[in-house]
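Trainee: I have the model open and would like a close look at one part of it. Please pick a stretch and walk me through it together with its surroundings.

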Amino acid sequence: MSPNRVANVVEQAAPQLSGVQLKVQAARLGQAVPSLAAAYAQALARWLGDPVLRLAGRPIITECYRSPERQDELYEQGRSKPGPVVTYKRGGESKHNQLPAPALDVAFLLPDGEVSWSGLLLSKFARLMKAADARVHWGGDWPRFKDRPHFEV
C-alpha cells in the first residue's frame, strides 16, 4: 500500500470531532489553569500527529471545572446512588472545583463513536502529558485510588 493510501485510510478511521464538539472541547480547555491547558494542548498535538495513536482514538476532555454541586453528585455515586465510586472528594474539596481548574479528566473518542476510559490509552496519554510539563500529576500514578482519567498540576 502506498504512503498516500495509508494516510487516507488513517484519516478515514481516525475519529473526527464536529464543529460543536470542537467548541465544547475548547470551552473545557479554557477552564483549565494555563500550565495544564498548555500541557494538554501539546500532548493532544503529539497524539494526533502520530498515525498509530490517532487510529486508537482521540483524547477528549470530559470535565475540567466542576461545580461543588456536581462534585457532590459524583461523590454519592457508589454510595447512596448506583454505580462505582468515582471520587473521594466532596464538593469544594476537589481541584475540579476551582476556576480556573488545576485538574481535568480525559477519555477517548473511538473510531466507532463510542467513548472509552481505557487504562492503556490513558497511560499512553499520561506519558505525553508528563513529557509536556513535569508538574503534571496523573491520577493513575496515585498509590491508593487510581483515577486514570484525571490529570492535575
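Two notes on the ground rules. This is a predicted model, in which local features need pLDDT of at least 70 and side-chain atom pairs count only at pLDDT 80 or more, while totals for chains, interfaces and linings use all residues. Residues are numbered from 1 along each chain as its sequence is written, and side-chain values use heavy atoms, with hydrogens and water left out.

Now to the part I would zoom in on, helix 5 and what follows it. Helix 5 spans residues 68-76, and Gln-71, Leu-74 and Tyr-75 are buried in it. Looking down the axis of helix 5, the buried residues fall within an arc of 105°, so they line one face of the helix; the arc is taken from the directions running from the helix axis to the C-beta atoms. Buried stands for under 20% relative accessible area, exposed for over 50%, and partly exposed for what lies in between, using a 1.4 Å probe and protein chains only. Strand 1 (58-63) is included in what covers these buried residues.

Take Gln-71 of helix 5. Its relative accessibility is 0%, so Gln-71 counts as buried. Setting aside neighbours within four places in sequence, Gln-71 is in contact with Arg-66, Thr-87, Lys-89, Arg-90, Gly-91, Ser-94, His-96 and Asn-97, where contact means heavy atoms within 4.5 Å. Glu-73 also lies in helix 5, but Glu-73 has a relative accessible area of 42% and is therefore partly exposed. Just after helix 5, Gly-78 takes a positive phi of about 85°.

The largest pocket has a volume of about 630 Å³. Of the 27 residues that line the largest pocket, Val-86, Thr-87, Phe-145, Asp-147 and His-150 are the closest to its centre. On a 1 Å grid over the protein atoms alone, a pocket is an open set of points with protein on both sides within 12 Å along at least five of seven lines, whereas a cavity is a set of points where a 1.4 Å probe fits but cannot get out; lining residues have an atom within 4 Å of a point. Points are joined across faces, edges and corners, and the volume is the space filled by probe spheres set on them. Helix 5 gives the largest share of the lining, three residues, and strand 1, helix 5 and strand 5 (150-152) each supply at least two. The lining divides into eight nonpolar, seven polar and 12 charged residues; Ala, Val, Leu, Ile, Met, Phe, Trp, Tyr, Cys and Pro count as nonpolar, Asp, Glu, Lys and Arg as charged, and the others, Gly among them, as polar.

Finally, follow the chain onward. Leu-99 lies in the loop between helix 5 and strand 2, and Pro-100 is found in that loop, with strand 2 covering 103-109. A cis peptide bond joins Leu-99 and Pro-100, with omega of about 0°. At 59% relative accessibility Leu-99 counts as exposed, and beyond four places in sequence it is in contact with Gln-31 and Tyr-65. Pro-102, in the loop between helix 5 and strand 2, has a relative accessibility of 9% and so counts as buried. Not counting residues up to four places away, Pro-102 touches Val-33, Leu-36, Lys-95, Phe-151, Glu-152 and Val-153. Pro-102 and Ser-35 are 67 residues apart in sequence and 8.5 Å apart in space, C-alpha to C-alpha.

Conventions. Helix = DSSP H or I, 4+ residues; strand = E, 2+ residues; numbered from the N terminus.
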